[in-house]
Structure formats: structure tokens, C-alpha cells
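Please study the sequence and the model before reading each solution.

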Amino acid sequence: MPLYAERPPLPSEDKRWRIVNGTMRKHGYSRNALIETLHTVQSSFGFLDEPSIRFVAQSLRVPLSQAYGVVTFYHFFSLKPPGRHTCTICTGTACYIKGSEKLVAEAEKFLHVRAGETTPDGGVSLGTVRCVGDCGRAPVVLFDGELSAQMKGPQLAAQLERWTTQ
Amino acid sequence: MNVEELQQIAGSAQEEREKFDYEVNVCMGTSCLSQHSDKIRDAIAKEASACGKSCHVRRTGCMGPCAAGPMVMIEPAETRYGHVREEDAKDIVAALGGEPVARLDPQLGSYFEGQNFVVLENVGHIDPEKIDEYIARGGYEALLKVLTEMSPGSVIEQISKSGLRGRGGGGYPTGLKWDTVAKVKGAQKYVICNGDEVDPGAFMDRSVLESDPQRVIEGMAIAAYAIGANKGYVYVRAEYPLAVQRLTVALREARRRGFLGNAICETTFNFDIDVRLGAGAFVCGEETALIASIEGKRGMPRPRPPYPAVSGLWGDPTLINNVETFANVAPIIRHGGEWFASMGTARSKGTKVFALTGKIQRTGLVEIPMGMTLRQIIFGIGGGVADGRKFKAVQTGGPSGGCMPEEHLDLSISYDALISAGSMMGSGGMIVMDDTSCMVSVARFFMEFCMTESCGKCVPCRAGTVQMFELLTKITKGEATHRDLDRLTELCEVVGATSLCGLGQTAPNPVLSTLRYFKHEYLAHIEEKRCPAGVCEFSATAADTRRGEVHV
């Protein structure tokens, strides 16, 4: 007996589901399109929640456990919604040598959250990433995905200040 | 596409260039682009048309010296400007044909001395999204030659003769790998390009994909012809959005020009390439894990044999090479294997691209012939340690490599020399550390990396990295004893010998190499409760022990 009788309907009217469906169609709803599709969901919605993982798993006829396993295996996928702003500090080797650990500590102290968490008001998500490849100008921080290099503590604090007082 | 048509495209691209008196190349790699070099390009173009100067403003990939960015280079004079801002457009345009703008001199000193560009030969000279500019610089000549004049066997022969070894770090002879896959019988074979550059502190693959993606495509197509594959995948990190975008455009352009697709160059050879995004897992650099990831599964390695050459993607014979390895293929075919083998040392041929970073004056991307010494790179090209500090160590090979002290600065770079010094070539990260870096903390940093990146499949790696991390943490807190150090050494041996894949097997390397060269720092932490670099903060009990007070 097949795992699922037929492909599920789109979860809602939201147009972004059509983009997700488009990725799956492009790959012929093949099981190996799982990671590609999850990338599309994350880039469209910002994170992966249970309904979206269920929808993708059913559409591609992948066991839900496998889909969930893939989501939790790769660091790039997030199960939590991001805050209005994201501050991602690179913790690659070159940035580490140039003191990115201190930047993380400063940001954690300023926002009162740990790296990987979002402030309670949903304002700022603090994260770390393993190397964005701008090692020549370390340390590097991504503010809302925009790369800022040769970062210094006061500069980081000033940006976070702007976001939190908005 | 035949030879005449290729020459025609190259000719008209060249003619297009000759219409202008000057070419202004603006670096738009990730690093310079983050400093808004796109606006600089627009400003220069606007200024040039306002002044009526005949000048072509071009977007290029990374020019190398990232610390001096944003970079601008004027051709044909090859004048380089550094730290350019939008306001400088006026002066740059005014200086065309005259004296260069002195205040924009990037102060590169001997940065380019001794560098030898093979992989990076087009970098800074072509627009990565325009295939015709690549063709004008000899691009796709090699593919055409291979398809029309050479048998798959003679292609492999040239690659073997060149002595090219895998640039991802392992250093497996590329010719041998191709030959193995070619000899395996199978109707369906695959070529995979490993662009999962998760090694922190390295950005060679990103730069090549951003600056000259056609070179990688050409290399893959030649490999596919040699082994008899008709489908390829490029596995790129999702953290490199610009590289993904440029590669996607390049693939579209290559299809448009008929270098990908069916009946390529009017032969019976069919080949096409798809992009697959990585999702942030270091272990996917391991070939079997990478294959699992392309299949849409968790990126977990499996025991070898069978090797991917026999049973790879979907169980079919698969060739996996690194981005830089593929980037070397076209020049080898164009100039011949002997030409490539004439560069480098006895067992390491050609050049190697390094990402020179850390506490150094001039950071950036460098390409050097094998056999150059670490001293020449760090003190010649890189200009020595920054801020007048003292050199302490250089780290290569990322989390799988090791730290080498001052005594090893005269080591000539080759796969074997680096391994005998307790490090490895790796993909090409080279991180310089000064006397403000604590080597125990550096070892702990890499162990933390391996611990979080361990996929959890085999026990030695999953549990061993955690235990080693805990022991290193204990040392940095000043709470460790000599017994802990013995236990750490023992664990290094066990994890290295018994782990399933490269991640676990090499995870102890940073610890082993720092123990080998900087044991005094470990001992200072343990015996004197003191961090020679002044990095580690010790707990109150540890500080008391140092003062000779005993807690009861």
C-alpha cells in the first residue's frame, strides 16, 4: 500500500505555498528534492514549522520522521520563527582569532538572550554561523543578512541599540 | 559549436574590448560587495560618460587582497586602487591615461611577488556572468579540443601526467580517481563538484565560483567526457548566496552557448549540471555524506569500500572532486600535463590557492606554486604579523589540520611536508596567530567545532569529541591535572584510529599538533594555573591553588 494516497492540498491560500509547490514540481515530486524544497520553505517563510514539514513530507512521499530528521540534522534549517531583525555573528576560525567570541558575549549581554535565541518581544534574533567566507576582513557580522566586516564591540552595540529602541 | 565559431566569439569579445581606451574593473566579490562596490561601479560609469572618456566599467570577481577592498583595477596599465569610495570616482576617471591617484594606492607591497596564477588566471579580468569574456581568454578551448581530438583515455593520461592531486585536502591523485571511475562498467555515471566549503577560515571555493564559474563548469564537462558521465551536480553551501547566483547564471549561459545539454559541440556527448544547496553540515565535505545529502537525506557518511567510484550517487559510479581541482583541469588540457608538472615539488605539482587570514598585515586570496615556504607566504606576500606583534603559529587544514610554530616557517608547502609537520594541506585556509592567541583555547575551539559537527553515527567521534572538549575546557579553566592530560592524549589516539570518517579521524589533529609544539602552554595551565597568552580566565579555586592556598 502506498504511504500516502495522493498529494495533499496546499495548506492555505498563502501564495508562498505555490512557490514551494513549484520547487517540488520542478523536481518531479521526487523524494530526493526534500532538502531543496525545505530550502524554499525556509527562504519563503523564514523558518520551518510542523505544518510545513508535514506538507512537504506528504507531497514528496517521504516519511515524516525522515523529513524531521533532515530538518534537525542541518544547521541551516530553523524550527523557530526569526525575530524582526537578525544579528548573526560569524564564529569561523579567522573571526575567532580576531575575537568574535567577545562579540558574541557582548551581544548576549546586551540583548539578555543566548546565541540561537530571540528576544522575548520578537525584536532581535541572535545567532552564530560557521564562516561566511569573508575571512580576509574578520571579524564579520551579518545584520539582517547584510555583511558588515571588521566589526568592533561599540559598532555592534550601536546597531543593536538602534534595533531595540525602535 | 566548432573551433571557428569559438574563435569568432572570442574575436568579437576582443573587438568589443578594443573599442574602449580603458577598462575599469571593479571587484564585486562578497567582501568588496559588502562595502557597496556596486555603487562605486555605477559612480565610475556615470563619471566616465559625463567626461566623455572611452572606458568600459566591468564587474569582476575577487581580486585577492580583501583587506584593501573595495578594489578597483585599471587595464591595460594594471593600476590597482584600494579602499575606494564612491566619492573617488571623479579622481579615478580623471587619472585615466595619466598618473595614478596616489592616495588610493592599496599599499600592497610584495603581495603579488612569487604568486603564480593558474586557477585564478582570469580573476579580476572577466565579468563572471559573461561567458564570452571567459571564451575570449581561452575558455572552452580545452573542452572543444577534448571532444574533437582526444579519446577519454588520453584525457585521463594528461591529467595523470600533470600530477594533479585533489585540492579538497586529501591529496588523492586526480588522474587515478578518474581512471578508476572510467574503468567501472555502468550505464549511468555522475560527476559531482564538492563546493561545500564548511572549513571555517577558508574561502577559495567561494572566490572561484564567484569570479570564474565557467572554469569549473568546463572542468566538470571534461571530467564527464573522460569517465563517461552525462549528469553532474555542484554542491554549494547555502551560506554563499552570491556564489550560488553567479553559478546559476553561468550554467544558463553555458547551456545557451551549447557547452551543456545534448550533442555538445556537434558531438554525441551529452552533459548537464544541476546545483544542489548544502545546508550547513561540515561532515558533508566527506564524499559519502555529500552523496547522501544530494539524495535528500541526512548527510551521514558510510563505510568505504565500496568507494563512490564504484557505488556512489543512487548506487551508480560517481566521481567527486573539489571546486579547485576542477578549476585546474582546463589549463592542464590547454597547455599539456608536462607544463603543469613542471611547477611545484616532486610529489605535489602545480599551484595551490590559500586564504591567508588571521593576525596578518595583508589578508586575502593567494595562489602560490607548491614548494614555496610558509615564511615567504606569511612575511613576503602577507607582509608579516599585524600590529607589530610576535608571530606564534600558523594553522592550516582547518579543524582537521594543525598549528605549526616558528621553527617550521621554512617548510616548503607540499601535501607530504605538511602532514609530517603534524598539519595537513586541507582545502587551503591559512590562519596566522600572534602571541595573543592561547593555543589550548585554539585547540578547544576546533574541538568544539568537531563536537557540534559530528554527525553522531559512530561512537568514537560522537562521544570522544565531547570528552576531549570537556578535558580541554577543564585545562583552560585551570582545573585539570596531569592525569587529564594523559587521558586527553589517549583519547586522541583512540578517536583518530577508530572513527568512521575523516571528520573523526582528523578531529584530534589540532590537539596533537598543539601538544607537540606548545606543550609548555598546556603545562602552564595545569601546573601554574596561568595562561601565557592571557586569554583564559581561571576559576576562583584555580587562582587560590596558584597562590598556594588550599581549600578544605
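Helices (H or I, at least four residues) and strands (E, at least two) are DSSP runs, numbered from the N terminus. The model is predicted: local features need pLDDT of at least 70, side-chain atom pairs count only at pLDDT 80 or more, and totals for chains, interfaces and linings use all residues. Residues are numbered from 1 along each chain as its sequence is written, while chains are lettered from A and ligands numbered from 1 in the order in which they are written.

**Exercise 1.** State how many helices and strands chain A has, and give their pattern along the sequence.

*Solution.* Step 1: chain A has 7 helices and 4 strands. Step 2: along the sequence, these elements of chain A follow the pattern α-α-α-α-β-α-α-β-β-β-α.

**Exercise 2.** Identify the buried residues of helix α8 (residues 174-183) of chain B, and explain why they line one face of the helix.

*Solution.* Step 1: a residue is buried if 20 or more other C-beta atoms lie within 10 Å of its own, exposed if 12 or fewer, and partly exposed in between, with C-beta atoms placed from the backbone. Step 2: the buried residues of α8(B) are Thr174(B), Gly175(B), Lys177(B), Trp178(B), Val181(B) and Ala182(B). Step 3: viewed down the axis of α8(B), these residues fall within an arc of 160° (the arc of the directions from the helix axis to the C-beta atoms), so they line one face of the helix. Step 4: an α-helix has 3.6 residues a turn, so residues three or four places apart point the same way.

**Exercise 3.** Determine how helix α9 (residues 204-211) of chain B is oriented relative to α13(B), and which residues meet.

*Solution.* Step 1: axes are lines fitted to C-alpha atoms, for helices over the stretch in contact, and angles run from 0 to 180 degrees between N-to-C directions. Step 2: α9(B) and α13(B) pack at about 45°, with their axes 9 Å apart. Step 3: angles under 35 degrees count as roughly parallel, over 145 as roughly antiparallel, 65 to 115 as roughly perpendicular and the rest as oblique. Step 4: α9(B) and α13(B) are therefore oblique to each other. Step 5: contact requires C-beta atoms, placed from the backbone, within 7 Å. Met204(B), Asp205(B), Val208(B) and Leu209(B) of α9(B) meet Val323(B), Glu324(B) and Ala327(B) of α13(B).

**Exercise 4.** State how many residues of chain B are in contact with chain A, and name the contributing elements.

*Solution.* Step 1: 36 residues of chain B are in contact with 31 residues of chain A. Step 2: on the chain B side, α2 (30-33), β9 (351-358) and β13 (429-434) each give two or more residues.

Terms used:
Two residues are in contact if their C-beta atoms, placed from the backbone, lie within 7 Å.
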